[in-house]
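Okay, everyone, thanks for coming. Let me put the structure up, and then I'll walk you through a sheet and a couple of loops.

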Amino acid sequence: MRLIHFVGRSFIVEFRAVACTMPVVDQVTSEVGDSSARSLFSARLSQLWVAAGNPTLQRIADATEGRMRATRASGRGRGSLVQRMSDWRNGRSVPSRFETFEPVLVTLAQLAGGTSRSLPRELSSRSAWKDLWEAAIAEPTQLTVRTALRRDLDTFVGRDAEIGRILDVVGPGRVVSIHTVDGMPGVGKTALVTHVAHLLAKHYPDGQFCVELHTHTPGQLPAEPFDVLATLLIDTGIAADRIPDVVEARRDLWRNRVAGKRILLVLDDARDQAQIEPLLPTWPGCLTLVTSRRRLVALEGAVPLALGTLAPDAAVELFYLLAQRRPGGSGDAVVADIVRACGYLPLAIALLAGRLAHHPAWTLAELAMEFVHTRNRLGELDTGERAVRAAFTTSYCRLSPAQQSVFRRLALHPGLDIDAYAVAALNDIPLAIARRALEDLYTDHLIEESVFGRYRLHDLVHEYARHLVDEDPAEDRTRAVGRLLDYYQATAFSASRPQRRESLRGSASATSPDLSTTAAALAWMRTERSNLLACLQVAVSNEDLPRACSLTNALLGELRLHGPWQAAIFLNHRAVAAGQVGDLNFAGRSAQDFGSPTDLADNYSVAADLLQRMLKSHDPADNPELRAAALRALAVAQLQACDYANAADAAREVVEIHRRLGNGRAEASALDLLTWLTHLSGDYTASITLAHQAVALYRELGIRSGEVNALCSLGWVQCLTGNHDEAIGTLQQVVVMHRNASRPADLAFTQLLLACVHYAAVDLPGAIGQLEQSLALYREIGNSAGQGYILGFLASLQEWVGNLTTAIDLAELALGIHREIGNRPGQASTLNVLGKVRCELGEYRAAAEAAQQARVIYASIGNVGGESEALGNLGWAHHLEGDTATGVEQLNAALTLARAAHYPFAEIVTLNRLGAILAESDDYQRALATYSAALHLALRRPLLLEQARALEGTARCRAHLGDMAGARVDLRAAIGVYEEIGAPNAITAAGKLADLHPDGVSD
């Protein structure tokens, strides 16, 4: 047993039994012989390490820290002892001063002394170590390292675009000397840079070096420039005793050492700019590739590459290579599911494929079933230090407590992405702090930026954050989610009500976005629609009926922003299908301007289903007022989703609840809603009765605002039953009431409704007059959405009566407004009008461009009916321009789309156009059948202009087929319809009739 004591800077070694037969110096000289003293020093240190029980580098560093402070010279850099000890042990360097090494030696000897083994003298004698160190430090060194790159993996796949991008800017002849690759943990940064370094190695013959900076290596401190520079200098042939003691001098020596050389340097896992700046060569012939989990925004002159996850195909290929299986067939789909569940993260894929490779009895299907459906995917990817969870943890632990809290709570957000306002609400922090926190998390690649100002978590990072936040107190989580739901509900309420937005103009809250303009409000609602639905799902899951009602109403408010929002209800597209609204596709225009079945109605259907599910579990006797509010929200959601029968049932229950409670105002409002729902179900008689009840109740209560709403409903149903004069009289009452009450917005809508009645009565001048008055009011109150809608409507009517130049001017104004406020359906609808009018003016190329733009917009928002109309206009323009083959192909495609969308207007228009093309090719028999199909559909609507065009077409075909009597009958009918609606086509049709008359005179 030997006892080793450390006193000051020397050893006092006491031996119970010490055998020493030769002087130490002679022993060293003898042992070294022709070999290297450096090698012997490294070998002896490794032996002492084993004798000490193979402790970790960090353990030795921690135990000797006090001694290191005692031996460290004044002004010397505080380097990473872990890195230096590693270099000493593997022979990369020897200590520059023995006093630096001595505390480490004491620590190891003490650990070895606690074992049962006895140490040989060469490992326990201070003088022996001192002599060996002197021999090693005196040895001249040459360039010992030229290539120190990591191994390039033969399983590297994909990344062709990223490799090409790096090679384009750093290859031979380029001027870029620093390229950074940043990305989330496990995304494959090191693998990419290593692969690129091997591709470039031949261009850097003076050395290729790889330095592991250990910023996220578990159990190690990040490498310090002081120590990294020592290693690099030794690798390039600088003797340890000639390495300066301060970091600045080492930096300058390193840069001087590589000047004039072509050196490739890889700095892996960098912490920040301060860590790597001293390591960067300044000679233009050198190249540095840096990897980091942080975006190194402060590193000047570097070209960054943010590395994302693998493409799906590359992810599948990586899995096959690492799993050493390639089943093909149905196995491809299974593997696609597995890598999708891994979020296409290379580390996750490698770990899972490695498990499969080591379990030959497992099948792909079994692995997929276990992993894809597990609730703890991170647990399935837990394999020690290389686990995905461990990778995320090293990044998470480097965050401040405040940043950690924000990160955890992101997992409480139910939607796909989030902005700073929602983060501020979730955490109850100021907006500026929320923005800073998101920027920090983005810089650390813990979140991704989907579009400007909006962030999301990778699937596995989200699961990691969810596990963390589940450890927070339940009360904290509940309050945070409550704040978030209230924020979304309140902001949506403000966005969807122009009066509320007007009051906020110029005074936007620091905790909510500026929605004082229609464009801003519409953009916010469209962006946050999916989040509002997700919040509604949370409220339902939490059985929070008040918030569920509020969020449902918030979702329904978006319709107000697309134009005169009531028009979307009064001019519902189902009315066209039922044959209740006149030609001009008035209701079709509304459906296109306000959205589409897949754009809004599907969302309303989901909202209705969620709310209905919650109401089924709610006791009807428990809080009837709340139940009535929820049922009303449900009825409106079902109305917007075109589920009229169920909506009417909900509204009837609302009426009964308020009648029992004696709440007359709420009862009258429910009656008004039921009026509209009943008429949509086709029962006009009951609808009119309900409307009269609502009007009477409102009058009895003296509630004028409710009365005018009920009168509007009554007037519209009267119009649909053909009682146009009664409808006009009823609506004129409403006009007077709105004028007396100074309610310009409501007056503007009522005049829009009057325009519809005039149109249904085939009074186009009256309709145009009402629309112009409505437009003036919308301009007066600054309602951009209303202006755009009315201008588009006026453009259609002016095209109808043949005022084509005026129609173009109006449509261009409407298009400009729709673009300004971001109303994409409105843009597409107006572009369709422009396409039709420009065709009539002979501007076929411009017409095709407008139709194509409309088609692209409709396709992007899922409005199949609108897309069919746009495609038909495009095909017609191509035909008129001379490309009939393309035109016919597009018209047939438009016909298929129109039928799939149950959109009769587009179907009829397309049939008439196809009939015209067949007639032009002298195929009169098929043309007659096509025109007759269009006429049959138009008579059921009725769509008057298309009726007349179909009749004119059948007349032409009959004449060429020899049926002159039938031709005259059809042409007279066409002229009658043209004259009824004031269309200029009547004049040309009359001329054709004269040609068909036996004596050449029209009758």
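So, a definition to start: two strands pair if DSSP finds at least two bridges between them. The strands themselves (E, at least two residues) and the helices (H or I, at least four) are DSSP runs, numbered from the N terminus. Keep in mind that this is a predicted model, where local features need pLDDT of at least 70, side-chain atom pairs count only at pLDDT 80 or more, and totals for chains, interfaces and linings use all residues. Residues are numbered from 1 along each chain as its sequence is written, and side-chain values use heavy atoms, with hydrogens and water left out.

Five strands make an open sheet with parallel pairing, in the order S4-S5-S6-S3-S7. At the edges sit strand S4 (208-212) and strand S7 (303-306), each pairing on one side only. From one strand to the next, the twist averages 15°; axes here are lines fitted to C-alpha atoms, for helices over the stretch in contact, and angles run from 0 to 180 degrees between N-to-C directions.

S4 pairs with strand S5 (residues 264-270) over five bridges, in the parallel sense. In that pair, Phe209 stands opposite Leu265 in S5.

Now the loops. His445 counts as buried because its relative accessibility is 8%, and buried means under 20%.

Ser742, in the loop between helix H36 (724-740) and helix H37 (744-760), also has a positive phi, near 55°. Ser742 counts as exposed, at 58% relative accessibility, with exposed meaning over 50% (1.4 Å probe, protein chains only).
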